[in-house]
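Dear colleague,

Please find below the structure for your review.

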Amino acid sequence: MNSFDKLPDFVERYLKKFFFHAWIISNDYKKLFENVIVIPSLAELEQLPNCLKSLEQNDVTLLNKTLVLVVINNSVSSDDEIKSNNKRTIQLLKSYKGNLNLSFIDAASKGKELPDKFAGVGLARKIGCDLALKKFDYSSDSKKIIFFLDADCTVSSDYLLKVTSEFHKKDLHSAVIEYEHLYSEDSPEAEAIICYEIFLRYHRLGLKFAKSYYDYHTIGSTIICDVQSYIKAGGMNKRKAGEDYYFLEKLAKLEKISTVSEPLVFPSSRKSWRVPFGTGQRITRHLSKKQDEYVGYNPESFKILKNWLNYFSSDNVSDTKSILNKAKEINSGLYYFLISQNFERDWERILKNNQSAEEIQKQKIYWFDAFRTLKLIHYLRDNGFPNINLFDAVDLLLQWLKIKSNLHRDSEIPDIKIQKQYLLFLRKILRERFSDDN
């Protein structure tokens with residue numbers, strides 16, 4: 001008898017196809033759960049205890065229904081310092097006496113390490129999520145929710161309560177949670193993380209302005225989905241970085257991603273070497289002062305995107321030649337981008353294989369997905385619409401959205417106090433003004 005026999009058929013089928021038998025859950029519990037929080041941990045002995053302490057502050061009844069599953073991981077060729085840190089982290093988890101249902105997966109000790117070719121946050125998340133599928137109480141009618149979190153984050157004391165309430169009240173299947181990076185006012189990282197979060201929020205505001213279907217933020221520690229959506233999306237991928245971006249895109253193609261609009265997750269603003277790009281690398285780059293970080297995508301790119309989506313998403317638009325002619329009319333860069341993406345070939349194939357108007361509308365969302373949206377913005381950046389000053393970009397976008405603010409500056413790059421005002425304002429309007437978009 002294999003260990004999948006008591007699982008629902010759809011879970012069993014998934015695990016037979018994708019399950020890694022090399023890793024097991026340690027400190028395992030006999031009981032089953034409604035929620036599982038998966039936390040990859042790579043040399044996080046210093047940060048992980050703070051993350052666990054913040055989780056401990058959540059509602060006791062919900063904690064009793066929740067498993068916290070930490071994936072301690074490193075590659076075969078990781079250096080001795082990382083392996084030593086992970087070894088001590090495992091000892092820490094073995095001796096844990098707090099109020100969490102806390103298990104872990106040892107993907108760090110000799111013989112259990114991640115293979116060098118695939119080692120990274122994507123594989124660590126995947127191992128945790130796939131094993132988590134065996135820990136849900138499928139006899140319960142409640143939603144079975146997977147929470148993605150990172151070891152360098154803390155969460156609000158109502159993290160579990162707010163998320164589970166939203167999932168049940170709105171019958172959500174996937175979502176991201178609003179976040180706010182933590183930083184110390186007088187730290188060197190403060191300036192870097194404020195700049196980076198303004199950049200992230202400006203980008204999201206641009207997607208909102210353009211009315212993109214893929215208008216959510218892509219931060220791994222804020223993702224939540226139910227078991228059904230996780231499996232339908234094919235599970236987490238094994239990318240060393242950007243795994244959150246591509247997983248969210250797959251979830252979005254199943255159902256529009258919602259946002260839990262209250263900030264409940266607080267990622268750190270530290271420098272980090274753990275992934276080749278993302279927050280940690282951006283902070284490192286900013287502090288090195290190798291390039292001007294105070295730039296953002298040209299707002300004209302979002303205007304072109306808006307005009308394109310407004311036309312392309314119309315119910316009566318399907319003819320290939322008409323679409324390309326209209327694209328050229330909107331902007332020649334858009335037209336050449338579509339040509340470079342083999343739009344004509346792909347769209348003819350889509351029309352041939354999809355007869356109903358409803359299917360064709362779905363294919364529009366699938367074809368012009370989150371990745372192609374970003375590729376278009378990058379194409380336009382490199383072909384006539386270069387990045388501009390970040391604060392000029394924010395001001396112009398706010399003007400186009402007819403959003404009034406009290407933000408004033410007398411230089412291209414204002415002092416840190418004004419920068420912080422920009423950040424707080426962007427957080428506020430994305431949370432309050434666009435929460436109805438969910």
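**Strand pairing and packing**

Strand β7 (residues 174-179) pairs with strand β8 (residues 223-226) in the antiparallel sense over 3 bridges, and Val 176 stands opposite Ile 223 of β8. Helix α6 (residues 159-169) packs on the sheet and touches, among others, β5 (145-148), its direction making about 135 degrees with that of β5.

This is a predicted model: local features need pLDDT of at least 70 and side-chain atom pairs count only at pLDDT 80 or more, whereas totals for chains, interfaces and linings use all residues. Residues are numbered from 1 along each chain as its sequence is written, and side-chain values use heavy atoms, with hydrogens and water left out.

Helices (H or I, at least four residues) and strands (E, at least two) are DSSP runs numbered from the N terminus; two strands pair if DSSP finds at least two bridges between them. Contact means heavy atoms within 4.5 Å. Axes are lines fitted to C-alpha atoms, for helices over the stretch in contact, with angles from 0 to 180 degrees between N-to-C directions.

The open sheet has 9 strands in the order β1-β4-β3-β2-β5-β8-β7-β9-β6, with mixed pairing. Its edge strands are β1 (25-26) and β6 (153-155), each pairing on one side only.

In β3, 8 of 8 residues are buried (under 20% relative accessible area, 1.4 Å probe, protein chains only). Strand β3 runs parallel to β2, joined by 7 bridges, and pairs in the parallel sense with β4 (residues 101-107), also over 7 bridges.

Yours sincerely

Conventions
Buried < 20%, exposed > 50% of the residue type's maximum accessible area, 1.4 Å probe, protein only.
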